[in-house]
Amino acid sequence: MPIRTGLLLECQHRAIHHLPMRITTWNVNSLNVRLPHLLEYLAEFEPDVVALQETKVPDEKFPVAEVEAAGYRVIFSGQKTYNGVATISRDEATDMVTDIPELDDPQRRLLATTINGVRIVNVYIPNGQEVGSEKYAYKFHWLHAFKDYLKGELERYPQLVLLGDYNIAPTDLDVHDPMRWQGKITCSEQERAMFRELVSLGLTDTVRSLHPDEPMFSWWDYRMNAFRRRWGIRIDHLLATESMRPCAAGVATDYRARERPSDHAPVWVNFA
DNA sequence: ATGGTTGTCTTACAA
């Protein structure tokens with residue numbers, strides 16, 4: 001059965017407040033390297049929106065023609081070597097924002113836009129490297145400024161999806177080996193408290209709400225055959241306002257198993 | 001599991 005048909009069947013029992021949408025987040029770790037995988041993903045899943053992180057491509061070198069040839073539009077905020085975000089969509093993206101007000105930051109980590117009446121806030125939250133490090137302090141500086149910005153977005157846009165690479169594993173259910181990761185970067189109590197603060201602004205962890213008891217991972221270290229051994233963590237998330245009605249979700253783990261993969265797999269949610 | 005592996009105008013740094 002084609003996936004598109006499956007989406008409609010899965011969602012038909014829900015009340016529809018906006019167009020049904022399949023929305024994906026994927027840290028591609030270099031769009032230049034991962035472009036073939038992205039084009040395969042678009043053809044296979046026919047998503048309405050895909051938020052990319054770590055594109056690592058400056059805007060003047062973004063592969064616009066390739067994405068448009070696949071039947072999509074794209075907006076982006078990139079830089080050389082590091083970071084970079086892009087949002088791919090079937091329909092028009094308006095009211096683009098690339099910078100957090102009050103945060104003077106050259107790192108390209110935010111791309112907010114409106115698609116079909118839904119505010120799509122695509123983020124590449126800083127990794128933090130190690131608890132207590134300078135980069136860890138930057139992670140929280142960024143997050144505090146972002147949280148203030150997000151409050152305003154939520155007031156303006158009743159239908160909002162906040163998605164991306166959060167670099168936070170919210171609970172031990174999101175970690176293959178919680179004892180190994182206890183207190184480590186992505187799993188520290190301070191990071192988890194910040195994740196809960198974002199949720200408490202009026203958002204739902206859509207993937208977890210649909211799979212409340214199932215360990216699910218979105219990132220596996222390149223080293224030590226971590227993927228083959230299923231040593232993963234869930235750090236890529238789609239949070240949404242209550243109005244959004246998620247009806248199915250999953251991780252396209254298959255894309256992590258391919259040749260020359262990103263270390264993240266795509267995470268998708270269907271909204272009724 | 002702290003050993004390693006990716007990606008980047010690389011030989012260091014970020015993840």
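This is a predicted model: local features need pLDDT of at least 70, side-chain atom pairs count only at pLDDT 80 or more; totals for chains, interfaces and linings use all residues.

Student: What is the order of the six strands in the open sheet?

Tutor: The order is 3-4-2-1-14-13, and the pairing is mixed. Strand 3 (73–77) and strand 13 (246–251) are at the edges; each has a single partner strand, so one side of each lacks a neighbour in the sheet. On average, neighbouring strands are turned by 15° against each other, direction ignored.

Student: Which strands does helix 2 touch?

Tutor: Helix 2 (residues 31–45) packs on the sheet and touches strand 1 (21–27), strand 2, strand 4 and strand 14 (267–271). The direction of helix 2 makes about 160° with that of strand 1.

Student: Which helices each supply at least two residues of the surface near DNA strand B?

Tutor: They are helix 2 and helix 5 (178–181). By class, this surface has nine charged, seven nonpolar and five polar residues.

Student: Which part of DNA strand B supplies 72% of its atoms within 4 Å of the protein?

Tutor: Those atoms belong to sugar or phosphate, and the rest belong to bases. For Arg-34, a polar side-chain atom lies 3.0 Å from a phosphate oxygen of DNA strand B. For a base, consider Trp-181: an N or O atom in its side chain is 3.4 Å from a base nitrogen of DNA strand B.

Key:
Residues are numbered from 1 along each chain as its sequence is written. Chains are lettered from A and ligands numbered from 1 in the order in which they are written. Side-chain values use heavy atoms; hydrogens and water are left out. Two strands pair if DSSP finds at least two bridges between them. Helices (H or I, at least four residues) and strands (E, at least two) are DSSP runs, numbered from the N terminus. Axes are lines fitted to C-alpha atoms, for helices over the stretch in contact, and angles run from 0 to 180 degrees between N-to-C directions. Contact means heavy atoms within 4.5 Å. A residue is near a molecule or strand if one of its heavy atoms lies within 4 Å of it. A polar contact is a pair of N or O atoms within 3.5 Å; within protein, one must be able to donate a hydrogen and the other to accept it, and residues adjacent in sequence count only if both atoms are side-chain atoms. Ala, Val, Leu, Ile, Met, Phe, Trp, Tyr, Cys and Pro count as nonpolar, Asp, Glu, Lys and Arg as charged, and the others, Gly among them, as polar.
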